[in-house]
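Trainee: Could you walk me through one part of this chain up close? I would like to see how its pieces sit together.

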Amino acid sequence: MKITGSSPFPPALLEKLSQRDPADPLKILLVHGSHTGGHRSAARSLTQALNELPNVQARELDTLEVSSPKLVNAQKGFFGFVSEKMPFLRRWGFQLALKGSPLASFVGTAVLKAKAALSPQVLQNIQEQQPDLVVSTHSQTNAMLSHWKKAGKLDMPVHSVPTDFMAHAIWAQDRVDHYYVAAEPTRQDLARLGVDPSRISVTGIPISPAFAHQPDETREALSTRLGLDPELPTVLLMGGSLGLQPYEKLIDALEASPYPMQVVAITGRNQEAKARLEEMQGSTRHPLHVQGFVSNGADWMRAADVVVSKPGGLTLSELLALRKPVIVTNPVPGMEEAQVERLAGVAWSAPDVEAMRAQVEQLLSDPAARAEVEHNMDALSRPESSYAVAAQVAEAALDFEMAPQAR
C-alpha cells in the first residue's frame, strides 16, 4: 500500500480516539536498549506513526540512557568483544537460541533477569510514566519486561516487535501479550518457540512512515536535488547507523567496472570512514558522493538503482518497501548470516568484492534480473508497516483500558 492522501488508519479507530479528552491521551511507551540502530529505528518509526493518531501520546525509552553507565559499558564491551574476537561463539549461541535450545533459553533468561535486577532506574521510569501499553523493540527488553510483569511490578500490556526476519528464543516470553513480525516465517519461528499463533500479527517491521507516502517528485528531479547526475545509474553503499562496511574495498572493486555509474557512500556515524572517502573524491573513475549520518535515507534509497548494504532487518525492510535490488555483504555471525539465507532470492549475497561488482553490473545491465528481484520482493514489501502496527497497538490499549478487571 502507498498512501497518497487519505488517513492510513481505520476510521473507527480515529473516531474512538477523537472522542477522548485531550487532557487524558492514550499513552504508549516504546522501549529498547541497544547501542545499534535497528531497535532504535523501529521504536522511533512506530512512535512517529502513533503520534499521528488523535489524542495519543507515544514516547521512546532507551534503557541505555537511564541505566548505570557501568552496566551499559559492560554490555557494549561484551558484545563488541564477542563479535570481533569470538564470532564462532556468537554464531553458536544464536543457532541454539533460534532452535529453541532449553540451555540457550535458561542462560539467556537468567542473564536478563539479573540485568533487570541491576536496572531499577528503568523500571522506575516506566512506572512513573504510567503508560497504557508498552511496546518492546528489543529481545533483551522483552525478557526484562516479562520478568517485571511476572513479579507484579508492571500491570499494563506488553507488545513486541522483533526487528529481523528471524526470531530466537529470547524474543519468546510468556508475559508478552502480542507480537508484530516481519513475515510468515518469523511468525512460524515464534510459534515453534511456544508463542500462541493468535498472539502474532504479520505486519512487517515498523519503518519510517516516509516509506508509505508516494512522493510526487520524479526520479530525475530527486537525483538533481541530491546533487547526483540524473543520467547515470546510482549504486548506493550503506553500512547501517554505525557505518560498518569496508567502503574502500567496495569502491576499489567498482572502479574496475567499465559500466557507467555513480557511487554514493553513506557512512552513518563512522566519521573516520567519511573522512577517508572524502579524500578519494575527484580521483575515482566513477563519480563518488559521500554522506555521513543522514535523516533523509528514504530519498537516497529512492534515487538508487542498486544498493550494497549490511543485512540489518530495518534496512532490508526499507529496501523491500521501495523494491530496490540489494546486495548484502559482511553479515555478522549469527542473526545476519541466518537472515541472508532466509532472504535468498530476495536479497542477493556477495561473498567477496569481486562477486559484488559482478552482481552490480548484472543488476544494472539485465532488465530481466531486476524484474525477477522486484517480483520476489513483492510478498515482503510492507511500506505501511508502522501504520499497521500503530493501529493494532492503539486498539489493544483502548481494549485494555475498557477492561479494568484485567489489571
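Mentor: Start with a β-α-β unit. Strand S8 (residues 262-266), helix H12 (residues 271-280) and strand S9 form it, and the unit is right-handed. Keep in mind that this is a predicted model. S8 and S9 (residues 288-291) run in the parallel sense and pair over four bridges. Pick out Val264: its bridge partner in S9 is His289.

H16 covers residues 353-365, 13 residues in total. From first C-alpha to last, H16 reaches 18 Å, close to the 18 Å expected at 1.5 Å a residue. Look at the N-terminal end of H16. Asp352 caps it, with a side-chain oxygen 3.2 Å from the backbone nitrogen of Glu354.

Which residues of H16 are buried? They are Ala355, Met356, Gln359, Val360, Leu363 and Leu364. What do the buried residues of H16 pack against? Their partners include four strands: S7 (234-238), S10 (306-309), S11 (326-328) and S12 (348-349). Helices H11 (247-255) and H17 (367-377) are packed against too.

His159 sits in strand S4 (residues 158-160). Is His159 buried or exposed? His159 counts as buried, because its relative accessibility is 4%, under the 20% cut-off. The side chain of His159 makes a polar contact of 2.8 Å with the side chain of Tyr180.

Conventions
Residues numbered from 1 in each chain as written. Predicted model: local features only at pLDDT ≥ 70, side-chain atom pairs only at ≥ 80, totals over all residues. Heavy atoms only, no water. Helix = DSSP H or I, 4+ residues; strand = E, 2+ residues; numbered from the N terminus. Expected span 1.5 Å × (residues − 1). Buried < 20%, exposed > 50% of the residue type's maximum accessible area, 1.4 Å probe, protein only. Contact = heavy atoms within 4.5 Å. Polar contact = N/O pair within 3.5 Å; in protein donor to acceptor, adjacent residues only side chain to side chain. Pairing = 2+ DSSP bridges. Right-handed = clockwise from strand over helix to strand, strands pointing away.
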